[in-house]
Amino acid sequence: MSDDVIHSGSASALVLDIRGLQVATQSSPAKPILKGIDFAIAPGETLCLVGESGSGKSVTSLAVMGLLPKGSLKATGGRIELEGDSLLEVSSTRLRDLRASRMAMIFQEPMTALNPLMRVGEQIEEVLIMHQKGLSSAQRRERVLEMLDQVQLPDIERVFDSWPHQLSGGQRQRIMIAMALILEPKLLIADEPTTALDVTTQKQILKLIKALQERHGTSVLFITHDMGVVADIADRVCVMRHGEVVETQPIEELLRRPRTDYTRQLLTAVPSLRPRAARAVTDREIVLEAIELEKRYGERSAWARWTGKATSQTLAASDIDFALTRGRTLGIVGESGSGKSTVARCVMRMIEPTGGGVRVMGKDIASLGRAALKPHRKRIQMIFQDPFRSLNPRLKIATSLVEGPVNYGTSREEALAKAAELLALVGLPKDALDRYPHQFSGGQRQRIAIARALAMEPDVLVADEAVSALDVSVQAQVLELLDDLQRRLGIAVLFITHDLRVAAQICDEVMVMQKGVVVEYGPAERVLGSPEHSYTRSLMLAAPGRHWDFSEFRPLDRVFEETSTATSTAIIYQ
Amino acid sequence: MFSYCLRRTLAAVPVMVVVALFVFLLLRLSPGDPAAIIAGDMATPEQLDRIRETLGLNQPIYIQFFHWSGELLRGDFGTSLMSNLPVTQLMAQRLEPTVSLALLSIALSVVVAVPMGVIAAWKHGSLIDNAIMSLSVLGFSVPVFVTGYILIKIFAIDLGWLPVQGFKRISQDGFGPFIQHAILPALMLSTIYIALIARMTRASMLDVLGEDYIRTAHAKGASEKRVLFKHALRNAGVPILEVIGTGFALMITGVVVTESVFNIPGLGRLTVDAILSRDYPVIQGLILVTSGVYVLINLAIDLSYALLDPRIRYQ
């Protein structure tokens with residue numbers, strides 16, 4: 001509705017107007033990727049493009065910038081109008097002139113989006129060199145420094161001369177934003193700009209984009225898969241699926257009264273931030289226990305000793321104590337660098353702990369040698385983050401599934417029979433055994449990875465960000481599967497995640513880590529419902545869309561808010 | 001940066017020591033008695049003994065080694081058994097033709113191959129790309145002496161533009177005559193390196209062109225030329241430098257055929273002559289010098305990585 005209003009109302013005032021855009025692969029036969037999409041953005045407006053992987057949202061943004069990968073994708077129909085310039089028809093020189101000056105883009109991965117061999121200041125300056133030829137080098141430097149100041153980087157003179165690898169992910173994304181906005185473009189395209197960042201950093205970056213948007217009157221096309229982010233920043237939302245626009249609505253309308261089943265599904269799949277109650281304790285047997293576990297990195301190298309340089313040891317995890325009982329799920333949450341994955345790897349004995357103990361079924365495995373460790377390995381199995389890389393692409397699913405049990409002496413026939421059963425258990429057809437990983441979707445692969453872990457009949461499953469790479473609807477299914485398996489098999493799960501929503505839905509107990517230490521540990525309901533530690537509170541406050549109950553299509557009546565005691569601590573983490 | 005350079009440089013020292021030991025043992029332990037060769041078939045045992053004594057061949061092997069290394073450190077590589085000239089003098093005469101030829105060839109290879117590789121990567125999958133890649137396969141597969149004689153036939157005999165054989169030194173005859181004599185051998189030497197470097201440049205560029213920061217550069221509105229040369233080529237540089245460096249080192253030792261075809265008095269021919277006549281001191285000197293060149297080139301490559309990439313510099 002509103003989309004139509006904008007179209008008919010003041011078409012000339014639109015910043016971006018896309019009509020019937022079609023993009024197809026250049027293979028033969030050509031496969032359509034975008035099947036005629038329409039949307040428009042008014043001045044100063046934020047339009048969120050949401051959809052799951054494969055919906056075509058990133059292709060849309062690349063088509064606007066004229067950056068579709070040459071030789072593989074091509075716009076085959078429709079129009080893209082940017083303030084009167086028809087982007088699909090203009091010359092490549094004109095298109096180059098428009099980039100950065102009228103439309104600019106920031107990308108998902110700030111770690112790789114900057115040229116590692118150029119100082120960041122020079123990379124921003126390059127925009128001026130190309131588009132404002134009249135400026136002297138002193139004037140350019142002046143402009144870049146001013147922009148660095150606007151994106152709130154500290155010590156701007158030093159940042160100007162820094163190399164990308166010397167900056168954090170959040171700082172690099174600020175550099176990208178400075179680069180994008182230095183010429184005050186009318187349109188900023190942000191393609192999942194905060195997906196790779198920690199929640200607290202994400203919050204700051206979103207705030208920064210908003211502030212700069214207001215200051216410069218920029219329109220923003222914001223691409224994301226995260227409904228929480230959408231709820232926080234969008235004016236209007238355009239939902240995409242399989243290369244088509246499903247619906248476009250103002251944010252409030254969309255969240256309250258989604259018009260299509262697909263949007264309804266998407267919203268329902270968003271896990272609630274409100275923690276579920278812990279399950280009743282049925283079994284008190286402790287299957288996994290960490291006692292004052294510690295991992296230090298960085299030995300004194302011969303060179304350091306010889307030159308007398310101070311050692312740079314890092315305490316990746318220290319004083320970690322927890323106990324996991326049969327059939328329960330313990331979540332370890334924290335931001336990058338908090339040490340949560342280190343703990344998982346120590347528990348798995350993929351790396352050697354430098355102190356403390358790890359007990360699996362009561363037996364300390366922290367210091368066992370390779371041979372002594374072998375019988376205990378099968379008791380604890382792992383599921384990894386990226387299902388596209390955790391299965392050997394050259395092995396049939398059957399081979400992957402039987403390898404573990406055969407290593408532990410099961411006959412091949414028996415292991416194969418078991419593998420077929422397991423596939424049924426994780427909801428995959430039996431013929432999957434004879435297929436290869438590339439024939440499955442991400443969600444299916446993660447099911448296979450779970451089956452592979454279960455084939456060893458472990459007592460403990462360690463899931464390291466096991467659903468983070470999956471779309472929300474698939475994520476919901478995999479979480480459900482884990483829950484179901486746990487109920488049937490009584491397996492205990494150590495669930496490592498950065499996503500508080502996921503943690504709230506799956507964990508009985510939660511342990512919050514920061515900089516290698518545990519800051520809060522207790523029942524999920526208490527830790528995530530009424531956090532005591534300031535860090536946990538700041539994490540909860542940074543969670544996007546925390547005021548909205550997506551599956552109920554209404555705002556939450558009770559929202560965790562900054563209290564007077566929390567304000568002082570919140571500042572620390574800003 | 002300084003500590004990185006210092007570490008790299010110090011790491012080269014033990015390598016050279018091991019090479020020296022290896023060179024020494026390899027030749028002493030191989031069959032064949034140099035004294036017998038020098039003296040000829042008609043020598044009496046007394047004559048042999050006298051020769052062994054003057055050369056130090058009858059002393060225990062470790063004494064020979066220490067003696068020999070001491071001399072090396074003083075810059076004395078010994079005296080040729082055949083010509084009775086100091087080895088250093090022999091090698092010095094031959095060094096200039098070989099090194100100047102190798103430098104010219106590698107410069108030629110880089111100037112031709114790098115743009116070829118960049119263009120092939122830029123126009124990936126196009127006719128130009130296919131043409132460049134086919135040419136490079138040809139460059140690999142045609143033996144150097146074939147290219148050499150074809151070049152001589154066309155440019156020296158049929159067209160008469162260039163001399164058929166011989167060599168002029170820059171130090172004695174100036175740059176003009178040098179180029180006139182060296183350009184054909186350099187062309188012949190560089191075919192295979194042009195092929196190699198062009199392929200490596202293309203592969204490395206293709207990798208880099210898929211990187212996110214290249215997309216960023218395009219999004220900034222940078223021109224194709226700027227993206228290719230300012231952003232991509234430098235990032236693709238490390239593997240390309242590696243090939244150029246190894247290529248140069250191989251060239252120093254691999255010029256035997258070229259020097260024979262064009263009758264150039266270089267290190268390659270000296271090596272062949274020394275091996276055929278079991279001229280131990282000369283062989284040892286040659287191996288040491290070429291190994292030294294290898295080590296120096298590797299050091300230069302390592303140090304240039306640091307210049308190229310700040311992440312290595314600040315390690």
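Which helix of chain A is A:Ala269 found in? A:Ala269 belongs to α11 of chain A, residues 261-269; helices (H or I, at least four residues) and strands (E, at least two) are DSSP runs, numbered from the N terminus. This is a predicted model, in which local features need pLDDT of at least 70, side-chain atom pairs count only at pLDDT 80 or more, and totals for chains, interfaces and linings use all residues. Residues are numbered from 1 along each chain as its sequence is written, while chains are lettered from A and ligands numbered from 1 in the order in which they are written.

Let's stay with A:Ala269 for a moment. With 19 other C-beta atoms within 10 Å, A:Ala269 counts as partly exposed. For that label, a residue is buried if 20 or more other C-beta atoms lie within 10 Å of its own, exposed if 12 or fewer, and partly exposed in between, with C-beta atoms placed from the backbone. Once its neighbours within four places in sequence are set aside, A:Ala269 is in contact with A:Val472, A:Ser473 and A:Ala476; contact here has C-beta atoms, placed from the backbone, within 7 Å. A:Met227 sits 42 residues away from A:Ala269 in sequence, and the two are 9.9 Å apart in space, C-alpha to C-alpha.

**Chain A: domains and sheets**

The UniProt record (unreviewed entry) puts "domain: ABC transporter" at residues 18-267 and 288-540 of chain A. UniProt positions are given in the numbering used here, feature names are shortened, and annotations may be inferred rather than shown by experiment. Residues 18-267 of chain A come out at 39% helix and 25% strand, with the end C-alpha atoms 26 Å apart.

Now for some strands, where pairing takes at least two bridges found by DSSP between two strands. Strands of a sheet pair through backbone hydrogen bonds, either parallel or antiparallel.

| Strand | Partner | Sense | Bridges |
|---|---|---|---|
| β1(A), residues 16-25 | β4(A), residues 73-82 | antiparallel | eight bridges |
| β4(A) | β5(A), residues 85-86 | antiparallel | two bridges |
| β11(A), residues 286-297 | β12(A) | antiparallel | eight bridges |

Zooming in on residues, A:Asp17 stands opposite A:Glu81 of β4(A), and A:Leu82 is opposite A:Asp85 of β5(A). β4(A) and β5(A) make a hairpin with two residues between them, and A:Glu83 in the turn has a positive phi of about 45°.

A:Tyr297 has A:Thr314 of β12(A) as its bridge partner.

Helix α21 of chain A (residues 534-542) is largely enclosed by the rest of the structure, because eight of its nine residues are buried. Among them are A:Tyr535, A:Arg537 and A:Met540.

Chain B has 16 helices and zero strands, and its C-alpha atoms fill a box of roughly 85 × 55 × 35 Å along the principal axes. Of the 315 residues in chain B, 33% are buried. UniProt (unreviewed entry) lists "transmembrane region" at several stretches of chain B, including residues 134-157 and 177-196. Residues 134-157 of chain B are 92% helix, with end C-alpha atoms 28 Å apart; residues 177-196 of chain B are 100% helix, with ends 29 Å apart.

At the interface, 20 residues of chain B are in contact with 25 residues of chain A. On chain B's side, α10 (212-219), α11 (224-235) and α16 (310-313) of chain B are the elements giving two or more residues, and α10(B) supplies the largest share, six residues. By class, that side has five nonpolar, seven polar and eight charged residues; Ala, Val, Leu, Ile, Met, Phe, Trp, Tyr, Cys and Pro count as nonpolar, Asp, Glu, Lys and Arg as charged, and the others, Gly among them, as polar.

**Confidence**

Chain B has a mean pLDDT of 84, with 93% of its residues at 70 or more; pLDDT is the predictor's confidence in each residue, from 0 to 100. Among the elements of chain B, α10(B) has the highest mean pLDDT (93) and α2(B), residues 34-39, the lowest (65). The model scores ipTM 0.79 and pTM 0.81.

Conventions. Contact = placed C-beta atoms within 7 Å.
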